[in-house]
Amino acid sequence: MRDLFKGLAIRVWRLVFVAALLSCLFLPISNYQSPIPAHAQPPSPFAVEKLVGQSAPDFNLKDINGEQASLSSFKGKVVLLNFWATWCPPCKEELPALNRLQQALKNKGFVVIAVSTDRSASDAREFIRKNPANFIVALDSNLDVSKNLYKVFMIPSTFLIDKRGIIVKRYFGVQDWAGKEMLKEIEVLL
């Protein structure tokens, strides 16, 4: 008799275990709460593709000198909007080329705006103090512009914006900004 109850108890526990496992697997996904806050999750790589051909989202950020920097203040100019960070080796690598590009085209209605995604504004300021930039360096420490507006999921990420404010192209990773091919691509828009 004891063996009968022991066998029955084992079957009941197996049934309870399987029922619990199945109920966990079939819980509605809509009730799932990610342990990572939504603002901290990277945007989908596909979201950035939808921006090409659209009006570039305007923003208003402080630059490293504490002045306001907004995209709309450059309406009528071609803008290269670059998202970067001090801890990103490829971002550091392309800084001299961005300087050369800005220098080559500054008198033709062109501007580079580099948006730092560093959490610490002082890190960005210190980096630019040691590595001078001849273009606007804005601060996006809350990632409101980079992630929410421009759907940046990797850095460096760069957007080429025409005189009408339309995003013409997006670039991922290091580019030869001062190279002949890039200059041709940008000069067509000037």
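Helices here are DSSP runs of H or I with at least four residues, strands are runs of E with at least two, and both are numbered from the N terminus. With that in hand, hello everyone, and here is the fold: along the sequence the protein chain reads α-β-β-β-α-β-α-β-α-β-β-α. That gives 5 helices and 7 strands.

A quick word on ground rules. This is a predicted model, where local features need pLDDT of at least 70, side-chain atom pairs count only at pLDDT 80 or more, and totals for chains, interfaces and linings use all residues. Residues are numbered from 1 along each chain as its sequence is written, and side-chain values use heavy atoms, with hydrogens and water left out.

Now the overall picture. Of the 190 residues in the protein chain, 37% are buried; buried means under 20% relative accessible area, exposed means over 50%, and partly exposed is in between, using a 1.4 Å probe and protein chains only. Contact means heavy atoms within 4.5 Å. Among contacts with a separation of 6 or more, 70% are between residues 24 or more positions apart.

Let's visit Glu94, in helix α2, which covers residues 89–105. Glu94 has no salt bridge, and the nearest side chain of opposite charge, Arg100, is 10 Å away. For charge, Lys and Arg count as positive, Asp and Glu as negative, and His and the chain ends are not counted. A salt bridge, by the way, is a side-chain nitrogen of Lys or Arg within 4 Å of a carboxyl oxygen of Asp or Glu. Beyond four places in sequence, the contacts of Glu94 include Asn82, Gln175 and Pro156.

The peptide bond joining Ile155 and Pro156 is cis, with omega at about -5°, and Pro156 sits in the loop between α4 (144–149) and β6 (157–161). Most residues other than glycine have a negative phi, and most peptide bonds are trans. In that loop between α4 and β6 we also find Lys151, a non-glycine with a positive phi of about 55°. Leu143 has a positive phi too, about 65°, and it counts as buried at 10% relative accessibility.

On to the cysteines. The whole structure has 1 disulfide, meaning a pair of cysteine sulfur atoms within 2.5 Å. The partners are Cys88 and Cys91, with sulfur atoms 2.5 Å apart. Both are buried, and the link is right-handed, with 75° about the S-S bond.

Last, the charged pairs: the structure holds 5 salt bridges. In one of them, Arg129 meets Glu126, with the closest N and O atoms 2.6 Å apart. Because these two are 3 residues apart in helix α3 (residues 121–130), about one helical turn separates them. Glu126 also bridges to Lys130, at 3.6 Å between the closest N and O atoms. Lys169 and Glu185 form another salt bridge, 3.2 Å from N to O. That pair links distant parts of the chain, strand β7 (residues 167–172) and helix α5 (residues 180–187). Through shared partners, salt bridges join Glu126, Arg129 and Lys130 into one network.
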